[in-house]
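Welcome! Take a look at the model below, and then we will walk through its features step by step.

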Amino acid sequence: MKTLVLTNAKLMSYERRSDSVSGNTSYFLWFSNGTETVAGKTASDKPCGNVVTNFRDGRICNVAYHVTRAGNTVIDRIIE
C-alpha cells in the first residue's frame, strides 16, 4: 500500500456516514487543490474524521490517503 499526499487542498464537500463500533465518526470527503481532486472515506477506527469540521471554512490542508486493491480511496490523515 502506497501512501499518497494531496497538498494545498481545500475540503470541497463532505457527507457524514455512520460511526464505527469504537465511536469514531466516519465521513466521505471531497478535497481539491485546483488541479487534482481526491474523494474517499475516512479510515476505519482512525481519529481523522474528528477534525473534518475544522476545515469547513476553506482552510488549506494536506491529505494523506491510499487506494485499496479494490480501487477505493481511504483518507488516512488530514494535516494542517
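## Burial and model

Of the 80 residues in the protein chain, 34% are buried (buried is under 20% relative accessible area, exposed over 50%, partly exposed in between, with a 1.4 Å probe and protein chains only). This is a predicted model, where local features need pLDDT of at least 70 and side-chain atom pairs count only at pLDDT 80 or more, while totals for chains, interfaces and linings use all residues. Residues are numbered from 1 along each chain as its sequence is written, and side-chain values use heavy atoms, leaving out hydrogens and water.

## Overall fold

The protein chain contains five strands and zero helices (DSSP runs numbered from the N terminus: E of at least two residues for strands, H or I of at least four for helices). The C-alpha atoms fill a box of roughly 35 × 30 × 20 Å along the principal axes.

## Aromatic pairs

How many aromatic pairs does the structure hold? There are two (rings of Phe, Tyr and Trp, its six-membered ring, pair with centres within 6.5 Å; planes under 30 degrees apart are stacked, over 60 edge-to-face, the rest tilted). Tyrosine 14 and tyrosine 27 have ring centres 5.7 Å apart and planes at 70°, so they are edge-to-face. Tyrosine 14 sits in strand S1 (residues 4–17) and tyrosine 27 in strand S2 (residues 26–32), so the pair ties together parts 13 residues apart in sequence. Tyrosine 14 is partly exposed at 33% relative accessibility, whereas tyrosine 27 is buried at 6%.

The rings of phenylalanine 28 and tryptophan 30 have centres 4.7 Å apart and planes at 65°, so this pair is edge-to-face. Phenylalanine 28 is partly exposed at 21%, and tryptophan 30 is partly exposed at 28%.
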